[in-house]
4 protein chains.
Amino acid sequence: MNSIGTIFRLTTFGESHGPAVGGVLDGCPAGLAIDLQGVAEALARRATGSTASASQRKEADAVEFLSGLLDGVTLGTPIAFMVRNEDARPEDYEPLRNTYRPSHADYTYQAKYGLRDWRGGGRASARTTVPVVVAGAIARQWLVSKGILVEAVVKHIGGETHPQRMDALLRQCREEGDSVGGVVRGYIQGLPAGLGEPMFDKFQACLAKAMFSIPAVKGFQYGDGFAMTSMRGSEANDPMEVAEDGSVRFLSNHSGGIQGGITNGAEVYFDVAFKPIPTLGHDGRHDVCALPRAVVIVESMAALTVADQLLLDGRFGK
Amino acid sequence: MNSIGTIFRLTTFGESHGPAVGGVLDGCPAGLAIDLQGVAEALARRATGSTASASQRKEADAVEFLSGLLDGVTLGTPIAFMVRNEDARPEDYEPLRNTYRPSHADYTYQAKYGLRDWRGGGRASARTTVPVVVAGAIARQWLVSKGILVEAVVKHIGGETHPQRMDALLRQCREEGDSVGGVVRGYIQGLPAGLGEPMFDKFQACLAKAMFSIPAVKGFQYGDGFAMTSMRGSEANDPMEVAEDGSVRFLSNHSGGIQGGITNGAEVYFDVAFKPIPTLGHDGRHDVCALPRAVVIVESMAALTVADQLLLDGRFGK
Amino acid sequence: MNSIGTIFRLTTFGESHGPAVGGVLDGCPAGLAIDLQGVAEALARRATGSTASASQRKEADAVEFLSGLLDGVTLGTPIAFMVRNEDARPEDYEPLRNTYRPSHADYTYQAKYGLRDWRGGGRASARTTVPVVVAGAIARQWLVSKGILVEAVVKHIGGETHPQRMDALLRQCREEGDSVGGVVRGYIQGLPAGLGEPMFDKFQACLAKAMFSIPAVKGFQYGDGFAMTSMRGSEANDPMEVAEDGSVRFLSNHSGGIQGGITNGAEVYFDVAFKPIPTLGHDGRHDVCALPRAVVIVESMAALTVADQLLLDGRFGK
Amino acid sequence: MNSIGTIFRLTTFGESHGPAVGGVLDGCPAGLAIDLQGVAEALARRATGSTASASQRKEADAVEFLSGLLDGVTLGTPIAFMVRNEDARPEDYEPLRNTYRPSHADYTYQAKYGLRDWRGGGRASARTTVPVVVAGAIARQWLVSKGILVEAVVKHIGGETHPQRMDALLRQCREEGDSVGGVVRGYIQGLPAGLGEPMFDKFQACLAKAMFSIPAVKGFQYGDGFAMTSMRGSEANDPMEVAEDGSVRFLSNHSGGIQGGITNGAEVYFDVAFKPIPTLGHDGRHDVCALPRAVVIVESMAALTVADQLLLDGRFGK
């Protein structure tokens with residue numbers, strides 16, 4: 001229940017104020033030289049996002065690899081790693097011990113487990129995305145070696161699409177003690193046609209499941225998404241040209257690179273909707289907006305999904 | 001890969017123009033008296049939708065149960081069922097044998113499997129939702145016995161929210177040989193708090209995966225969804241009151257009944273975006289809009305998801 | 001819970017005296033021309049075994065394929081099939097409606113489900129191995145196309161290893177109204193080195209799970225098995241020669257073709273222990289020994305296991 | 001592929017000479033107070049076995065818990081833990097860098113992954129059973145709280161069933177630089193009737209898969225096992241008495257507490273066959289017999305299996 005993927009499979013662990021967060025990445029092909037600096041940079045993107053929005057909590061986030069590597073090269077065995085929670089100050093949360101914060105998971109954890117880790121958000125904290133980013137960085141490195149690029153950008157924050165205005169909005173929210181949501185747009189380029197399963201494991205279904213695993217996500221669409229609900233079929237079609245050698249070129253891409261649950265070789269693009277961070281009137285250590293830090297998390301979840309689909313497909317072997 | 005669910009698990013089979021479509025529903029609790037008339041009514045809703053939009057293909061859709069029932073009561077063993085494809089006319093599709101229809105799955109199936117069933121849409125046909133509706137009807141009957149209701153309605157078609165205008169739009173599309181999309185709104189009432197897993201099997205992640213298994217779905221959101229991306233945190237909060245006995249009442253429900261991936265006992269509501277049906281200038285046997293027939297499919301996938309979550313939770317036993 | 005395999009995955013259904021038994025085989029590679037006569041021959045081996053031992057119940061066992069094939073060639077989509085239960089005579093079982101037969105599953109099904117299909121053995125009947133044999137025959141055909149052979153023989157019946165004596169023992173048991181057990185030996189030839197996972201999905205663990213799915217199986221061993229518990233290490237070693245090109249030849253095969261959970265390219269061989277059939281003093285329609293009919297079932301479960309391992313490995317693509 | 005279990009699910013990691021071995025135990029019910037001293041004692045049993053047989057490698061084996069506990073009580077979230085590999089001396093293995101040890105997994109790992117961790121046995125080392133014992137100890141504590149006992153004993157070593165003679169045999173083997181195998185007998189008491197699934201996830205199938213995950217295991221049988229292959233049905237039956245209140249008492253237990261794949265409430269007993277340890281003429285740091293240390297590993301794998309079956313059954317809730 002804390003795992004995702006079938007062959008390329010990540011299991012994560014850790015509460016925000018326990019000893020560590022971490023994960024076990026199973027099924028990563030053997031022989032991949034991991035760029036550890038690249039992993040660290042991905043974590044830095046998660047930790048700081050942009051200056052205006054980032055929480056003040058300092059997270060060195062040094063990853064310790066516990067298994068699966070020999071001289072930095074993957075052995076094909078499970079890659080376990082952890083990041084210690086060094087800046088945990090549970091005493092900050094002492095006043096919350098017997099309170100449910102609104103729009104947090106305090107109450108639902110209590111309802112589910114009959115008890116909860118009141119020291120911070122426990123397993124519901126954004127801190128639990130650290131192992132996602134570590135594993136996602138490894139997945140992206142493997143994908144790059146196969147010619148596949150996964151990238152994401154902030155599409156808008158609170159409706160603002162221009163960087164300058166985004167920053168202004170974030171500053172304003174910080175001053176007002178308020179928070180704001182937004183949309184992250186993701187792209188996957190270089191995918192072969194033929195990934196995904198026809199019925200319940202459609203490519204978009206697996207991608208959607210991955211995105212809704214990210215805290216604060218309220219919506220997901222791919223291709224032209226919700227906008228297609230007001231289009232006519234004649235506008236939404238993606239005509240294609242079939243060359244003499246049988247290769248195919250699409251003249252438009254409303255579909256977002258997927259038809260019938262299976263990739264068609266065109267770019268996959270999708271949007272992920274984040275609600276405003278629910279923390280209000282608290283101690284100032286929290287972000288006013290999840291978006292800047294969420295970009296690398298979206299990339300990570302997408303990369304994990306694509307890596308698993310490729311290994312299920314089998315065309316690159318293991 | 002043609003299965004969904006962990007304990008309450010549906011496996012489906014069938015091409016639109018093969019001998020039959022059907023499924024195996026595993027994990028349904030023993031001792032449930034199935035209302036076979038209710039199953040037939042669900043299939044009728046799928047087959048006809050509303051008059052203005054439905055395809056002319058007549059589907060008697062008589063379900064034959066092959067196992068798992070004794071005198072109409074579930075045995076706890078797999079419930080297999082099938083519906084024969086009686087009205088299949090593959091000769092209609094003969095001209096398409098060597099052609100890829102745009103925005104269909106013809107090309108992606110060819111890319112994935114190296115061959116395809118050119119007789120109609122094969123496994124990508126909407127016909128494959130028949131077994132989903134059969135299994136979903138059984139799931140709903142079990143849920144009702146536990147006090148849980150799953151329902152869906154058409155929220156808009158091509159932007160029109162009033163029935164009259166929807167019908168006019170559908171008629172217009174039919175005249176113009178065009179098609180149109182829309183949004184289905186789903187509701188789940190009576191859910192206990194505590195369903196869903198904290199990390200990758202969040203309640204909304206499982207629900208999203210189920211919805212994106214439906215053909216033509218391009219987007220999913222729950223609670224206030226994409227609209228929350230332009231809200232401030234102060235607007236989006238769901239304050240709650242904790243009574244002396246520890247019970248909780250939410251004063252608003254922007255969250256859509258889920259926090260931290262776990263249900264909070266409030267109503268779960270969600271939207272599913274359907275693109276326009278891609279068939280254009282074809283033989284007139286196809287719908288101009290998936291929406292009217294899609295309502296019962298959305299209900300079915302939601303019911304399958306909820307039934308599995310309840311059994312994973314274990315609170316009702318098996 | 002009624003499925004086995006991860007990619008090459010069989011789900012079965014059916015009670016012995018319900019309308020049909022059958023299965024859905026998912027993940028079978030596309031483009032395989034199925035030899036339907038070969039499937040029928042496998043079913044005939046299951047139905048009759050050898051004359052002296054077989055039950056008198058006549059089973060035409062005509063398979064009807066419901067999906068996944070076009071002109072006898074696999075489409076890559078789920079292959080569903082069923083065999084009708086034509087000779088069911090539930091009235092034979094009427095006296096057993098309120099009785100638990102000793103060493104049958106009557107009581108355990110009642111305990112598990114709170115009710116049971118008293119018409120024959122329900123899901124515990126050997127009849128449920130019909131779909132295993134159908135799917136296993138398809139698996140074997142695919143394996144043969146990859147140069148892999150799966151075969152089984154009767155190693156002994158009630159301790160007798162010579163056919164003549166086996167037959168005499170079976171006749172004697174029939175006269176005495178008694179039954180007897182035995183051992184089936186299985187062989188897998190042509191396997192590449194490298195199949196199986198190092199920890200919990202060891203090749204032998206998956207094979208053992210498959211064998212213990214067969215009714216009446218009480219033991220499983222591979223290589224020299226239990227006999228190795230009384231050997232010294234110096235006797236049990238399998239020395240190998242490494243040629244200049246890196247290829248390896250094993251000078252003995254006590255290990256049974258598996259080391260550390262992973263195949264080494266040598267023949268895999270294993271034994272499956274069957275208890276005597278528990279039916280005593282009943283109406284004479286039952287076998288006195290499961291062994292002759294069990295051979296093809298052992299082959300089938302082994303073939304299903306190997307096919308899944310090969311697809312997980314990915315070396316032959318999909 | 002390095003995970004076992006569906007709800008109560010263990011994922012392990014670690015090479016024998018990497019930084020650490022460990023695991024993530026997911027699905028353990030919330031609110032269980034872990035007896036950490038009991039976990040340490042289980043590890044001590046794994047580390048030393050009996051004096052005559054144990055390797056000289058000293059393993060402090062101090063477990064560090066990384067998540068899932070608050071004040072020693074389970075939170076319901078993943079319990080991650082690790083044991084550092086402090087006594088690793090890879091230089092001992094330097095001579096083996098380019099050699100395949102016979103009857104080890106050196107060659108099969110090379111064949112599978114194209115490279116291997118030559119520093120000791122890597123993932124094939126018995127060291128990887130450390131996390132199994134940690135998780136198994138937790139599982140046993142939960143089971144005890146439900147009245148279920150899992151225990152194992154050495155049944156024979158090299159054919160010797162008396163402790164004195166076993167010790168003499170082990171001493172002799174050590175002097176001769178040889179090794180020897182044996183059988184561990186396991187018992188599960190207090191199980192409710194009704195656990196296990198009728199077809200492919202039979203109770204014995206899950207138990208067998210778990211046992212064959214243990215290094216050096218070559219055979220598994222339950223109830224009277226292989227001995228039943230030479231019995232008549234009339235000897236092998238387990239008659240039962242049904243009391244007026246519907247409760248059942250078995251007059252014998254040849255079946256080993258399982259019928260039709262489902263537990264019947266009687267004691268489950270089983271045997272696990274271990275081959276002789278393959279290390280010969282090496283440096284003396286290895287055991288001459290796996291048996292004494294294997295007892296707690298058998299108990300652990302059995303406990304993990306039973307805990308998962310109970311949670312799948314749902315009768316104790318989560």
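Between which two strands of chain C does the loop with C:Asp71 lie? The loop runs between strand E5 (69-70) and strand E6 (73-74) of chain C. The legends below describe this residue and several other close-up views of a predicted model.

**Figure 1. C:Asp71 in its loop in chain C.** The view shows C:Asp71 in the loop between strand E5 (69-70) and strand E6 (73-74). Phi of C:Asp71 is near 55°, which is a positive value in a residue other than glycine. C:Asp71 has a relative accessible area of 71%, so it counts as exposed.

**Figure 2. D:Ser103, in a loop of chain D.** D:Ser103 sits in the loop between strand E7 (79-84) and helix H2 (106-113) of chain D. Its phi is positive, about 60°, although D:Ser103 is not a glycine. The relative accessibility of D:Ser103 is 6%, and therefore the residue counts as buried.

**Figure 3. A:Gly76 and its contacts.** A:Gly76 belongs to the loop between strand E6 (73-74) and strand E7 (79-84) of chain A. Is A:Gly76 buried or exposed? A:Gly76 counts as buried because its relative accessibility is 11%, and the cut-off for buried is under 20%. Leaving aside residues up to four places away in sequence, A:Gly76 touches A:Cys28, A:Pro29, A:Ala30 and D:Tyr113. The C-alpha atom of A:Gly76 is separated by 8.0 Å from that of A:Asp26, and the two residues are 50 residues apart along the chain.

**Figure 4. Strand E15 of chain A and its two partner strands.** Strand E15 covers residues 268-274 of chain A, and seven of its seven residues are buried, so the strand is largely enclosed by the rest of the structure. Both faces of E15(A) are covered. On one side the buried residues are A:Val268, A:Phe270, A:Val272 and A:Phe274. E15(A) pairs with strand E9 (residues 182-189) of chain A in the antiparallel sense, over seven bridges. In this pairing, A:Val268 of E15(A) is the bridge partner of A:Ile188. E15(A) also runs antiparallel to strand E10 (residues 217-222) of chain A, to which five bridges join it. Here A:Ala273 of E15(A) is the bridge partner of A:Gly219.

**Figure 5. D:Phe274 in strand E15 of chain D.** D:Phe274 is placed in strand E15 (residues 268-274) of chain D. With a relative accessibility of 1%, D:Phe274 counts as buried. From C-alpha to C-alpha, D:Phe274 and D:Arg9 are 25 Å apart in space, and they are 265 residues apart in sequence.

**Figure 6. An open sheet in chain C.** Five strands of chain C form this open sheet, in the order E1-E2-E3-E7-E4, with antiparallel pairing. Its edge strands are strand E1 (3-4) and strand E4 (63-65), each of which pairs on one side only. Strands of a sheet pair through backbone hydrogen bonds. Within the view, strand E3 (residues 20-26) and strand E7 (residues 79-84) of chain C pair in the antiparallel sense over six bridges. One of the paired positions is C:Ala20, whose bridge partner in E7(C) is C:Arg84.

**Figure 7. Helix H5 of chain C.** Helix H5 spans residues 203-211 and is mostly covered, with nine of its nine residues buried. Among them are C:Phe203, C:Cys206, C:Leu207 and C:Met211. C:Gln204 and C:Lys209 are also on the list of buried residues.

**Figure 8. The interface of chain D and chain C.** Chain D and chain C each give 93 residues to the contact. Between them the two chains bury about 7300 Å², 62% of it on carbon and sulfur atoms. Which residues of chain D lose the most area to chain C? They are D:Met1, D:Phe200 and D:Lys218, which together make up 12% of what that side buries. The rule finds six salt bridges across this interface. In one salt bridge, D:Glu176 is joined to C:Arg232, and the closest N and O atoms are 3.4 Å apart. The count of residue pairs in polar contact between the two chains is 35. The side of chain D that touches chain C has 47 nonpolar, 32 polar and 14 charged residues.

Note on methods. Residues numbered from 1 in each chain as written. Chains lettered and ligands numbered in written order. Predicted model: local features only at pLDDT ≥ 70, side-chain atom pairs only at ≥ 80, totals over all residues. Heavy atoms only, no water. Contact = heavy atoms within 4.5 Å. Buried area = accessible area lost by both parts, 1.4 Å probe. Salt bridge = Lys/Arg side-chain N within 4 Å of Asp/Glu carboxyl O. Polar contact = N/O pair within 3.5 Å; in protein donor to acceptor, adjacent residues only side chain to side chain. Nonpolar A, V, L, I, M, F, W, Y, C, P; charged D, E, K, R; others polar. Helix = DSSP H or I, 4+ residues; strand = E, 2+ residues; numbered from the N terminus. Buried < 20%, exposed > 50% of the residue type's maximum accessible area, 1.4 Å probe, protein only. Pairing = 2+ DSSP bridges.
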